[in-house]
Amino acid sequence: MSETDEEFRLRLRAFLTSSHPGRRPKDRADRLGWQKAWLAALFDGGFAGPSWPRAYGGMELSFARQVIYHEEYAKARLPRPLGTGVSIAAPTIITYGTDEQKDRYLRPMLRGDVVWAQGYSEPDAGSDLPALRTTASRDGDVYVVNGQKVWTSAADIADIIFTLVRTGSVESRQDGISYLLIDAHAPGVTIRPLRDLTGDAHFCEIFFDDVRVPVANRVGAENGGWPLVRTSLGHERAAGVMNQAATYRRVLDELIELARERGLTSDPLVRDRLAGFEMRVRIMRYTGMRTIADIIARGEPGPASSTSRLFVALFEQELHEFAVDVLGPYGVLDREDPHAVQRGRWVWGFLRTRASTIGAGTAEIQRNTIAEQVLGLPRDPGMPAR
């Protein structure tokens, strides 16, 4: 007799509970080792990559079980995959990579043995990707890469950077872009963390100085990287939307409890705001389910992923702004203050989510994508020509 969805939920929950790695270490190096050990245990236990093909170590779950997986994983408060490879690079390699690239990269990525970072944004070409200027010049069987990337998450712990480089002329725009996998430890690669207003360093800038990259590390055709970009960006914007919905279900419950502790839940204005967040969490869950269904049906999330990205970005900013209001005078105390409520988590979240409407494409870019590719409206005249 085949396993029912409920039996799968219980089996998954039992594994996540019995294998839970415990509290996150404070030391940065210890924390990285702790995360890698967990990801290896998850992979070895057969519970990694709910949407990945079985051929690359994934679970290839049905729609219903992917929803169950993300809900149980978020409830268990477990570490997420390191870097951005699993959610963004992997779908691109599965779609466009050679068999050798799939065999070489996918399983170590999913197991957490190799950490990946995305090298897209540049100082003068953040949201206008076709304006990127990092060059890759062909020299026999290698490319020589020169340029700079910025706002790269997890680059300081990365082993591979999946990168967009210009192999054609600047004037060729998206027709002169290629997709390269660059060894983050190669000679000529310099990575510098960027500290943000939370006091942490979530992003890095990367400098490439005559970095030699084998041609075999190019995914897709030379100058044919733009279709891969669209695949990557679609998955980036859809990444984790189901997991985010489950996570924010828990976070909202904790915010309601905080309002209750502070004696505010009888205030009709507070109740109205909490009810609004409740509706939006439920919408987020249904949107996540729709995204998973689209990926299963078409292999890609499509332009509607911009809707999910914009919805979550605005939601998490407004939720943390409200949480700081609930804290009252304690809303000015950060993690370093011994009197901070819940060790300053809400204030930290407020500061951290200021970047939500910039990362993974600005809110303006998402709105343009929704207008043009979902609603079929005319192109924004203020945007540069493609």
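Author: This is a predicted model, where local features need pLDDT of at least 70, side-chain atom pairs count only at pLDDT 80 or more, and totals for chains, interfaces and linings use all residues. Residues are numbered from 1 along each chain as its sequence is written, and side-chain values use heavy atoms, with hydrogens and water left out.

Reader: What is the phi of W151?

Author: W151 is in strand β3, residues 142-153. Strands are DSSP runs of E, at least two residues, and helices are runs of H or I, at least four, numbered from the N terminus. W151 is not a glycine, yet its phi is positive, at about 60°.

Reader: Is W151 buried or exposed?

Author: Buried means under 20% relative accessible area, exposed over 50%, and partly exposed in between, with a 1.4 Å probe and protein chains only. W151 has a relative accessible area of 54%, so W151 is exposed.

Reader: Which class of accessibility does D210 have?

Author: D210 is in strand β7, residues 203-214. D210 also has a positive phi, about 55°, although D210 is not a glycine. Its relative accessibility is 47%, so D210 counts as partly exposed.

Reader: How many aromatic pairs are there?

Author: Rings of Phe, Tyr and Trp (its six-membered ring) pair if their centres lie within 6.5 Å; planes under 30 degrees apart count as stacked, over 60 as edge-to-face and the rest as tilted. By this rule, the count of aromatic pairs is eleven.

Reader: What kind of pair do Y69 and Y73 form?

Author: Y69 and Y73 are four residues apart in helix α3 (residues 63-75), so about one helical turn separates them. Both are buried. Their rings are 5.8 Å centre to centre, with 15° between the planes, and the pair is stacked.

Reader: What kind of pair do Y105 and W116 form?

Author: Y105 is in helix α5 (residues 99-111) and W116 in strand β1 (residues 116-119), eleven residues apart. Y105 and W116 are buried. Their ring centres are 5.3 Å apart and the planes stand at 90°, so the pair is edge-to-face.

Reader: Which residues do ring pairs link into a cluster with Y105?

Author: Y105 belongs to a cluster linked by ring pairs.

Reader: How far is the charged end of R354 from the ring centre of F350?

Author: A charge sits over a ring if NZ of Lys or CZ of Arg is within 6 Å of the ring centre and within 35 degrees of the ring normal. R138 lies over the face of Y143, 5.6 Å from the ring centre. The charged end of R354 sits over the ring of F350, and its distance from the centre is 4.2 Å.
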